[in-house]
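Subject: Structure for you to look at

Hello,

Here is the structure I said I would pass on. Please open it first, then read my notes below it.

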Amino acid sequence: MSMAMVGMIAGMALGFAGYFGGFGAFLLVAALGAVGFVAGRFLEGDLQPGDFFRTRDDRRERRR
């Protein structure tokens, strides 16, 4: 499935949530979508748990 199709489905889900459930439902669907996106990236191996917990100094040293 292309990224454009995934984006369209996500946009439609947010639109339906906003229309039928109001702004609170819109925010809930957006937050759960972000959590699902991050979980998917972990499962694909694109992200490591340490990527979120490193300090700024660790990132600077690794770039050098």
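Phe23 is exposed, its relative accessible area being 59%, while Phe26 is partly exposed at 31%. Buried means under 20% relative accessible area, exposed over 50%, and partly exposed in between, with a 1.4 Å probe and protein chains only.

Before the rest, some notes on the source. This is a predicted model, in which local features need pLDDT of at least 70 and side-chain atom pairs count only at pLDDT 80 or more, while totals for chains, interfaces and linings use all residues. Residues are numbered from 1 along each chain as its sequence is written, and side-chain values use heavy atoms, with hydrogens and water left out.

Overall fold

The protein has two helices and zero strands. Helices (H or I, at least four residues) and strands (E, at least two) are DSSP runs, numbered from the N terminus. Of the 64 residues, 2% count as buried. The accessible surface comes to about 5600 Å², and 66% of that belongs to carbon and sulfur atoms; such areas come from the Shrake-Rupley method with a 1.4 Å probe, and for residues only the protein chains shown count as cover.

Helix 1

Helix 1 bends by about 145 degrees at Gly21, the bend being the angle between axes fitted to the seven residues ending there and the seven starting there. Its end C-alpha atoms are only 15 Å apart, whereas a straight helix of 42 residues would span 62 Å at 1.5 Å a residue. That expected span is 1.5 Å times one less than the number of residues. Just after helix 1, Gly45 takes a positive phi of about 90 degrees.

Aromatic rings

Rings of Phe, Tyr and Trp (its six-membered ring) pair if their centres lie within 6.5 Å; planes under 30 degrees apart count as stacked, over 60 as edge-to-face and the rest as tilted. By this rule there are three aromatic pairs. Phe16 and Phe20 are stacked, because their ring centres are 6.0 Å apart and their planes are at 10 degrees. Both lie in helix 1 (residues 3-44), four residues apart, or about one turn, and both Phe16 and Phe20 are exposed. Phe23 and Phe26 also count as stacked, because their centres are 6.1 Å apart and their planes are at 20 degrees. Phe23 and Phe26 are three residues apart in helix 1, about one helical turn. Phe16, Tyr19 and Phe20 form one aromatic cluster.

Regards
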